[in-house]
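Q: I'm new to this one and would like to go through it step by step. Could you show it to me before I start asking?

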Amino acid sequence: MRICYVVAMVAEAQPFIERYGIRKVEGFFAPLPCQLYEGEVNGVTLNVVLNGQQQGSDLVGCEAAAVATLSAIQQLHPDIVVNSGTCGAFREKGADIAEVYIGNGVMFHDRRVPGDDAWGTQSLGNYPVWEGSQALAEALGMKMGKVTTGSSLDMQPCDLEMIQKHGGELKDMEGAAVGFVCSLFKTPILYVKSVTDLCDSGAETFEEFSRNLHRACETLKTANEQVIDYLTKRVNW
Ligand code: SAH
């Protein structure tokens, strides 16, 4: 069995790369920017694929996440992909900083294509999440929420309108791109997201994100230990 994490930022992946002592496989995806780490936990292969970097900073966002997910699935053939990282959430929906959620749905919130017809529906995405997500969340006592993805860290009024209309709870920049690629291959996708900022707190998002990044990545690591334990001990893959 093989579990493959797809992670955007080094800060998000580093705590559990260190925890499991998994090693970097140099040049595996060259010339693509994504980076492969590989190790073994409870007899299961654990991969972490990072989106990679350009100009010294992490390639956050949908394009790099889609490239990383496509490469990971085609070259590693994982049984499950886990998209793990940080997100914004909403205080009015009961969220708090550094809380970890499991995704129960995923869509794009910044694709403004009008119509309830095929164009409008297709652009929203709404890709399937792994069918075992709810059982995992219940077993580990984690909250669930719908991931909505866009290309920006800030939130414009039109983004909020879309998020509210479709019941979005966890705002990120990669989830739906990962989900799109997984849906093409019918590879199960699990979302594990830790809250760095509250979109309705009134604070400046980047400042709030930066202030809470370390704390959110620590709770993310602890949650991922539980997730990896749960997944590796599951018998029927
Ligand atoms: N310059 C920053 C960029 C981080 S972008 C840095 O390198 O430190 C934010 C990342 O965290 C993205 O990968 C995104 O998925 C996630 N994220 C956290 N809070 C978010 C929010 N409120 N909206 C969108 N993405 C968010």
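This is a predicted model: local features need pLDDT of at least 70, side-chain atom pairs count only at pLDDT 80 or more; totals for chains, interfaces and linings use all residues.

Q: Ok, which residues come nearest to the ligand?
A: There are 17 residues around the ligand, and those that come nearest are Thr86, Lys171, Met173, Glu174 and Asp197; a residue counts as near if one of its heavy atoms lies within 4 Å of the molecule.

Q: And which parts of the chain supply that shell?
A: At least two shell residues each come from strand E7 (80-89), strand E10 (170-172), strand E11 (189-198) and helix H7 (205-233), where helices (H or I, at least four residues) and strands (E, at least two) are DSSP runs numbered from the N terminus.

Q: How does the shell divide into nonpolar, polar and charged?
A: The shell has eight nonpolar, five polar and four charged residues, with Ala, Val, Leu, Ile, Met, Phe, Trp, Tyr, Cys and Pro counted as nonpolar, Asp, Glu, Lys and Arg as charged, and the others, Gly among them, as polar.

Q: What lies 3.0 Å from an oxygen atom of the ligand?
A: That is a polar side-chain atom of Thr86, whereas a ligand nitrogen atom has a backbone N or O atom of Gly88 at 3.3 Å, and a side-chain N or O atom of Thr196 is also 3.3 Å from a nitrogen atom of the ligand. On its own the ligand has 580 Å² of accessible area, and the protein covers 85% of that (Shrake-Rupley method, 1.4 Å probe).

Q: Changing topic, how many aromatic pairs are there?
A: The structure holds five, where rings of Phe, Tyr and Trp (its six-membered ring) pair if their centres lie within 6.5 Å, and planes under 30 degrees apart count as stacked, over 60 as edge-to-face and the rest as tilted. Tyr127 and Phe180 form a tilted pair, 5.8 Å centre to centre with 50° between the planes.

Q: Where do those two sit in the chain?
A: They are 53 residues apart, with Tyr127 in the loop between helix H3 (118-124) and helix H4 (133-140) and Phe180 in helix H6 (residues 175-185). Ring pairs also link both of them with Phe108 into a cluster.

Q: Is Tyr127 buried or exposed?
A: Tyr127 is buried, at 13% relative accessibility, while Phe180 is partly exposed at 38%; buried means under 20% relative accessible area, exposed over 50%, and partly exposed in between (1.4 Å probe, protein chains only).

Q: What about the backbone, which peptide bond is cis?
A: The bond from Ala30 to Pro31 is cis, with omega near 5°, and Pro31 is in the loop between strand E2 (23-25) and strand E3 (35-41). Most peptide bonds are trans, and most residues other than glycine have a negative phi.

Q: Where is His77, and what is its phi?
A: His77 lies in the loop between helix H2 (62-76) and E7, and its phi is positive, near 50°. Lys186, in the loop between H6 and E11, has a positive phi near 55°.

Technical notes
Residues are numbered from 1 along each chain as its sequence is written. Side-chain values use heavy atoms; hydrogens and water are left out. A polar contact is a pair of N or O atoms within 3.5 Å; within protein, one must be able to donate a hydrogen and the other to accept it, and residues adjacent in sequence count only if both atoms are side-chain atoms.
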